[in-house]
Amino acid sequence: MKYEHCIRCTICVENCPVFRVNPAFPGPKQAGPDAQRFRSNREKSADEWVLSCSQCKRCEMACPCGVEPAQIILRAQQKYGLEHPHTAAHLLFANNYYLSTLGSLTAPLANRFAATKIGKKIFQRMGIATYIPFPKFSFKTLRGSMKSRSRETRKVAFFYGCFINFYRPDIGRKIIRMLQSFKIDVVLPPQWCCGLPALGNGNLALARSFAGKNIASLSNYVDAGYDVVYTCTSCGLCLLHDYQGIMEIPGAKKIAENSYDLHEYVLKLIAEREIKPQFKEVNRTLAYHIPCHLRALEIGYPAANLMQLIPGLTCQILDDNCCGLNGSYGFKKINEVTALQLGGRAVSLIKKTGAEAIVADCGSCRMQLAGLSGMDAFDPVEIICESLGIKDKK
Amino acid sequence: MSVIEYDVIIIGAGVAGLTAGAWLSEQGLKVALVTAGEPTACLSTGCIDVCAKNDDPLQGIAHLSQDHPFHLVSSGTIRQALDDFQQIMAAMNMPYTGGLENNRRVLSALGTFKTTCLTPVTMQASPQNENERIHIITFAGLKDFYPGYIISRFKNASFSTYDAGVSTTMGIAANFEDESFLEAFILWLEKQQVREDKIAVPAVLGLESAAAIIKQIEYRLERPVFEIPTIPPSMPGRRLFNGLKDHFRRKGGMIYWGWPVVGVEKTGRQIEAVMAQSQGRPNSLNARAFILATGSFVGGGLEAKRDTIVEKVFHLPVFVPGEREAWFDQDYFSMNHGIGRAGIAVDSSFRPVGCPWDNIFVCGAILAHTEALKNGCGHGFAIATGQAAAKSCLEHLP
């Protein structure tokens with residue numbers, strides 16, 4: 001952790017969405033490098049406000065000196081989590097994977113319950129915000145609905161992530177069909193939650209156990225000549241950064257070197273002249289909300305590059321604003337006001353563009369923005385599939 | 001040609017880089033801008049210093065030392081570049097006032113005056129001497145602004161304090177974007193029964209709507225209101241950066257954040273691609289030409305080692321002002337520290353002297369012999385050389 005490199009220029013503070021709306025949070029400079037000088041392993045952490053950081057990583061992207069305030073704060077959050085009892089909301093969201101498995105198995109019941117007044121009241125009692133509806137569990141998960149094939153030379157191990165698997169398997173199926181249409185063999189390797197929700201809720205041990213299992217599984221596929229492709233930008237950030245970084249999982253470097261964002265992968269195939277997709281006209285005016293974690297992946301905005309190839313499509317990039325939800329962050333009652341204010345701001349800027357719909361890579365961004373704006377929110381791959389004429393056939 | 005092969009890649013997201021990038025995009029080129037982080041422009045006052053050596057900035061430039069890179073830009077290009085800049089910022093709802101005919105003064109938070117050329121419209125009414133009658137507003141708990149400094153120099157000044165509920169520049173500025181907050185502030189201000197001719201406020205009047213906010217206050221209070229630039233976080237600096245950045249993007253430019261260039265691919269006399277650090281595979285981007293606008297020492301373009309100075313991206317030859325003893329003057333506050341002249345020396349096409357590659361162009365604060373502090377040539381110099389280097393780049397595009 002390079003906190004000594006901080007020249008205290010406050011550019012990170014200017015970029016912090018939470019600092020902007022929550023006076024109780026001292027901002028990335030103070031919570032990160034400044035406070036780090038006073039943190040000691042032998043002392044119990046008292047700075048509860050570190051939990052107000054949403055880990056959007058905007059401070060890290062902005063820092064001209066290579067300091068990683070969010071990383072410093074993330075470590076402080078884990079220490080705080082180790083030393084203090086976890087609230088019900090923290091425990092639930094950390095174990096999101098198991099919860100979702102259960103939710104999907106009982107989808108008709110679980111979805112109906114979550115939408116009732118009693119359901120909402122119970123959630124609020126547990127410290128969970130209900131200002132936007134919960135995503136609906138899908139009874140048929142992606143995992144349960146796809147069979148693998150193996151005929152082609154280029155092979156992809158698809159790390160689909162919890163959101164696609166439990167809530168939007170239709171997007172997952174479209175992705176698989178699209179890759180298959182490029183003559184790519186797609187398999188779904190055994191996989192678990194990436195671990196980011198556990199990390200975000202101060203449960204490093206649980207995060208590491210997920211990560212260890214994923215690395216062991218993906219490692220076999222990489223050895224067998226598969227490229228790992230992820231579509232959730234937060235899963236991707238976890239695979240690339242956190243497994244090697246805070247979680248220190250052996251073998252993580254190999255996975256990072258062989259993992260691609262879906263759109264980055266398609267662009268690479270086009271650049272290497274392996275595929276030549278024929279994009280057909282899509283007449284839409286879209287606002288592309290860049291998820292904070294796509295920005296943090298440091299790979300540019302590959303879906304924007306791809307969508308530029310679609311005739312008829314107008315797509316304005318908006319990357320200055322965090323949607324405010326940040327996965328489970330905004331679903332916690334304690335962060336509700338912050339999440340609502342940030343979301344409201346992001347939505348007002350989207351509406352200013354005159355776009356008819358929103359496009360965003362991240363499922364939780366889409367949930368928040370669609371929920372607050374009443375507009376449609378698409379995954380970029382949905383737009384690309386529309387242009388390529390690929391539909392979800394169940 | 002691959003889908004992500006650009007015509008030109010700009011390295012550095014400061015005023016020079018964004019100006020060059022927007023100009024090239026406007027000519028129909030495919031431009032990408034890569035940057036390690038956000039630029040030092042965010043820390044600036046947002047004022048456009050062209051040359052503070054003379055009341056007439058162009059006269060000032062004419063009298064700069066022979067080797068000053070400002071001489072490489074024709075006065076026509078300087079005029080055009082600054083005109084373009086004013087149009088861009090007006091279209092972004094952050095208009096600038098002033099012109100190249102003469103410099104103007106802006107009141108600083110210390111009560112001193114800064115000489116500059118163009119100012120954000122929010123500083124248009126800034127007093128031009130200490131005798132003007134001003135009423136200063138400060139905010140409870142705001143640590144970065146003390147009206148006492150100004151009052152000690154102004155005979156006809158008084159102040160009052162507003163409690164905004166928050167005490168940080170960013171927090172207050174964000175609040176001003178909220179109409180009900182602004183209304184409450186104006187009502188309070190009306191009750192203060194200000195007698196002075198002008199009202200001064202530290203630069204916290206909103207994030208992106210500052211021009212409209214100040215207009216509204218002026219309308220209600222029936223007298224000029226102006227912002228006083230503060231130490232970072234500096235809202236006028238951020239507005240400047242946001243305006244130029246959004247303009248570049250509207251022209252079709254692509255920005256890669258978190259992209260510190262660590263490697264270069266080259267064949268013969270051409271740079272083919274730049275590579276960035278990554279957790280996984282190295283990322284690389286191809287282009288036909290490259291514009292280096294990484295700034296000076298604080299911006300991160302130059303790094304001083306014990307006995308030498310290096311340029312961090314391409315390791316271009318750097319002009320070093322003699323031995324280390326010659327780098328610094330005895331007096332800390334001197335304007336004549338030799339180190340101010342360090343940088344990349346370029347020929348009339350803005351290509352580095354003694355460089356083994358033909359498709360690199362350099363602009364902005366990283367240029368040698370600039371002495372930005374001494375000559376008072378900051379953003380204005382960046383805008384002018386940014387456009388000039390972009391023009392040369394287009395002309396010489398392989």
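Reader: What makes the meeting of the A:Glu14 and B:Arg238 side chains a salt bridge?

Author: Their N to O distance is 2.1 Å. A salt bridge asks for a side-chain nitrogen of Lys or Arg within 4 Å of a carboxyl oxygen of Asp or Glu, so this pair qualifies. The model is predicted: local features need pLDDT of at least 70, side-chain atom pairs count only at pLDDT 80 or more, and totals for chains, interfaces and linings use all residues; side-chain values use heavy atoms, without hydrogens and water. Residues are numbered from 1 along each chain as its sequence is written, while chains are lettered from A and ligands numbered from 1 in the order in which they are written.

Reader: How many salt bridges are counted between chain A and chain B?

Author: The count is five.

Reader: Why does A:Arg20 have no salt bridge?

Author: The nearest side chain of opposite charge, B:Glu208, is 4.3 Å away.

Reader: Which residues is A:Arg20 in contact with, leaving aside neighbours within four places in sequence?

Author: Among them are A:Asn321, A:Arg345, B:Met170 and B:Glu208, contact being heavy atoms within 4.5 Å.

Reader: What is the area buried between chain A and chain B?

Author: About 3,200 Å², with carbon and sulfur atoms giving 53%; buried area is the accessible area (1.4 Å probe) lost on being put together, summed over both parts. A:Glu14, A:Arg20 and A:Glu298 supply 19% of what chain A buries against chain B, more than any other three residues.

Conventions: Buried means under 20% relative accessible area, exposed over 50%, partly exposed in between (1.4 Å probe, protein chains only). Lys and Arg count as positive and Asp and Glu as negative; His and the chain ends are not counted. Buried area is the accessible area (1.4 Å probe) that two parts lose on being put together, summed over both.
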